[in-house]
Amino acid sequence: MIDASAAWAAEHALLLFLLLPCLAALLALGAARAWLAVEARGRTVLGAGGAGLALLVFLALAVAVRRPGAVVAFDGALANALGRAMPDAFLWLLSWFTFLGDRDLLALSCVLAVLWLLWRGYKGLALFCAAATGLGGALNWLLKHGFQRLRPDFNHDYTAVVGWSFPSGHASAAMAVYGTACYLIWRLAPAPWRRPSLALAAALVTAIGLSRVLLQVHFASDVAAGWAISLAWMILCVGLAEGLRASGRDAGQRVH
């Protein structure tokens with residue numbers, strides 16, 4: 001059953017790469033609609049529930065990858081099946097998506113965003129941006145070195161990798177950085193930009209994570225864990241920022 005499922009996923013890799021980001025965009029829009037439909041107390045409950053669920057997913061995966069079982073078996077079977085099935089043209093395309101989750105690119109983007117926010121006088125949002133992305137990266141580094149999981153073997157030159165595998169740094173960083181960008185857009189940009197930016201970010205974060213699996217530089221559970229822990233972290237950061245906003249200490253208020 002595990003081998004058959006992995007073979008099916010490898011055979012339909014392109015279809016999954018096209019459909020799953022679209023599904024993620026729809027889920028993000030649905031979550032935003034639910035968030036906007038309730039009052040402050042309901043938003044607290046939704047946020048706590050979402051963060052708790054994401055954390056439980058991460059913990060379940062963390063336990064599963066530490067010992068032989070269905071998750072580890074599927075990871076290995078999928079990586080092997082992809083190694084046999086992926087054409088070079090698709091690998092080349094995936095390398096461009098994975099570049100959008102590159103650590104150096106995202107770090108530079110965050111530094112520029114913080115500098116722009118400081119220049120415009122949004123000191124609170126600059127602090128939020130630096131903390132959400134910087135501390136999120138530090139959390140991923142600590143987890144990687146705590147688990148020290150080896151990466152899958154791969155036999156192509158479309159990407160270079162270093163370091164441990166679990167949880168995926170690309171998946172985690174993409175969630176943190178593009179999620180932070182979404183929050184900044186919701187706070188500062190005109191209303192018509194908000195939902196499209198959320199849908200685009202959700203689709204892009206999903207595509208980046210999938211590219212790591214399809215390039216065979218991460219196991220599927222690495223990417224799922226990276227998404228889960230970073231989503232929990234982002235919900236916590238946004239909840240804190242919104243709490244300060246509600247209390248009158250608005251992180252989006254300009255300071256001259």
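Start by selecting Leu214, which touches Ala13, Phe17, Leu82, Met86, Phe90, Leu91 and Leu94, leaving aside residues up to four places away in sequence. Keep in mind as you click around that this is a predicted model.

**Stop 1: the nonpolar core**

Now widen the selection around Leu214. The largest nonpolar core has 21 residues, and those with the most contacts inside it are Phe17, Leu82, Met86, Phe90, Leu94 and Leu214. To see where this core comes from, colour helix 1 (2-11), helix 2 (13-36), helix 4 (70-85), helix 5 (88-99) and helix 9 (194-214); these are the elements that give two or more residues to the core. As background, nonpolar side chains tend to be buried together in soluble globular proteins.

**Stop 2**

Next, show the side chains of Asp75 and Arg149. They meet in a salt bridge, at 2.9 Å from N to O. Asp75 lies in helix 4, while Arg149 lies in the loop between helix 7 (123-147) and helix 8 (169-188), so the pair ties together parts that are 74 residues apart in sequence.

Are these two residues buried or exposed? Asp75 counts as buried because its relative accessibility is 3%, and Arg149 is buried too, with a relative accessible area of 11%.

Asp222, like Arg149, is buried.

**Stop 3**

Step to Ser221, which is found in helix 10 (residues 220-246). The side chain of Ser221 makes a polar contact with the side chain of Arg149, at 2.8 Å. With residues up to four places away in sequence left out, Ser221 touches Leu61, Val65, Val71, Asp75, Arg149 and Phe166. Ser221 counts as buried, since its relative accessibility is 3%.

**Stop 4**

How many salt bridges does the structure hold? There are 4. For another of them, select Glu242 and Arg187, whose closest N and O atoms are 3.9 Å apart. Glu242 lies in helix 10 and Arg187 in helix 8, so this pair ties together parts 55 residues apart in sequence. Glu242 counts as partly exposed at 21% relative accessibility, whereas Arg187 counts as buried at 14%. Before moving on, display Asp75, Arg149 and Asp222 together: salt bridges that share partners join these three into one network.

**Stop 2: Ala54 in helix 3**

Jump to Ala54, found in helix 3 (residues 40-64). Which residues does Ala54 touch, not counting those up to four places away in sequence? They are Ala228, Leu231 and Ala232. Ala54 counts as buried because its relative accessibility is 6%. For a distance check, draw a line between the C-alpha atoms of Ala54 and Leu36: the two residues are 18 apart in sequence and 20 Å apart in space.

**Stop 3**

Zoom in on Val111, which lies in helix 6 (residues 103-120). Val111 is partly exposed, with a relative accessible area of 47%.

Key: Residues numbered from 1 in each chain as written. Predicted model: local features only at pLDDT ≥ 70, side-chain atom pairs only at ≥ 80, totals over all residues. Heavy atoms only, no water. Core = buried A, V, L, I, M, F, W, Y, C linked by side-chain atoms within 4.5 Å. Buried < 20%, exposed > 50% of the residue type's maximum accessible area, 1.4 Å probe, protein only. Helix = DSSP H or I, 4+ residues; strand = E, 2+ residues; numbered from the N terminus. Contact = heavy atoms within 4.5 Å. Polar contact = N/O pair within 3.5 Å; in protein donor to acceptor, adjacent residues only side chain to side chain.
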